[in-house]
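Subject: Structure handover

Hello,

Here is the structure I said I would pass on. Please open it beside this message as you read.

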Amino acid sequence: MKRVQYLCESQFFRPVAEEGIEAFDVHKGDNARRLFRVLSQLPTFTASFEELAAQFPPDDDTWLEYAILRDGEIVSRAAIWKREEDAWEVAAVVTAPAFRGQGFATRMVSHTTAKILGEGKQATCVTGEDNYAMRGVLEKLGFRERDAG
């Protein structure tokens, strides 16, 4: 699958309301299982719980998680990956299938982008070329497709 990279700079960012979003520590309590439950609803997700948990070393400070919870379960989630010194990536955006089409991903991407830009970094995001929903979210918020060359 071809991937497309997007970039957002402060002067182009168009944020939306971000209510209900909280920091999400995957190592705290039952949070890893909450994350597994939402991811396992996706047809492309095939990892076991143990494989998922191994992706989150407890001392990794390059990854910040955020989530919207309803009745203790994840409705939508996104992360910031401190990938480069001057550019951090909006990553791992997912919304539970029952909650799609209600603006949760837009809120999550807006929140993480605001955090990145607030730190003086460029906000980037990589998505599949055929992920039209995510591409629409990014473009709505002011992300622009980065030239491949």
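This is a predicted model: local features need pLDDT of at least 70, side-chain atom pairs count only at pLDDT 80 or more; totals for chains, interfaces and linings use all residues.

Residues are numbered from 1 along each chain as its sequence is written, and side-chain values use heavy atoms, with hydrogens and water left out.

Cores

A nonpolar core here is a set of buried Ala, Val, Leu, Ile, Met, Phe, Trp, Tyr and Cys residues joined through side-chain atoms within 4.5 Å. Buried means under 20% relative accessible area, exposed over 50%, and partly exposed in between, with a 1.4 Å probe and protein chains only. In soluble globular proteins, nonpolar side chains tend to be buried together.

The largest nonpolar core has 24 residues, and Val109, Leu138 and Phe143 have the most contacts inside it. At least two of its residues come from each of strand 1 (3–8), strand 3 (63–70), strand 4 (73–81), strand 5 (87–95), helix 3 (104–118), strand 6 (122–128) and helix 4 (132–140). Helix 3 gives the most to this core, with five residues. Helices (H or I, at least four residues) and strands (E, at least two) are DSSP runs, numbered from the N terminus.

Apart from this core lies another, of 16 residues, including Ala32, Leu35, Ala47 and Phe56.

Not counting residues up to four places away in sequence, Phe143 touches Tyr6, Leu7, Cys8, Val90, Val109, Thr113, Ala123, Thr124, Cys125 and Leu138. Contact means heavy atoms within 4.5 Å.

Pockets

Pockets were found on a 1 Å grid over the protein atoms alone: a pocket is an open set of points where a 1.4 Å probe fits, with protein on both sides within 12 Å along at least five of seven lines, and lining residues have an atom within 4 Å of a point. Grid points are joined across faces, edges and corners, and a volume is the space filled by probe spheres set on the points.

The largest pocket has a volume of about 1200 Å³. Its lining has 39 residues, and Leu42, Ala92, Val93, Val94 and Asn131 lie nearest the centre. Strand 5 gives the most to this lining, with seven residues. The lining divides into 22 nonpolar, eleven polar and six charged residues. In this count Ala, Val, Leu, Ile, Met, Phe, Trp, Tyr, Cys and Pro are nonpolar, Asp, Glu, Lys and Arg are charged, and the others, Gly among them, are polar.

The second largest pocket has a volume of about 200 Å³. It is lined by 13 residues, with Phe24, Asp25, Trp63, Leu64 and Glu65 closest to its centre. Strand 3 gives the most to this lining, with four residues.

Single residues

Glu89 is found in strand 5 and counts as buried, at 7% relative accessibility. Leaving aside neighbours within four places in sequence, Glu89 is in contact with Ala79, Ile80, Trp81, Arg83, Ile116, Thr124, Cys125 and Val126.

Tyr132 lies in helix 4 and is exposed, with a relative accessible area of 62%. The C-alpha atoms of Tyr132 and Glu89 are separated by 19 Å, with the two residues 43 apart along the chain.

Met1, in the segment before strand 1, is exposed at 72% relative accessible area. Met1 touches Gly128 and Asp130, again not counting residues up to four places away in sequence.

Regards
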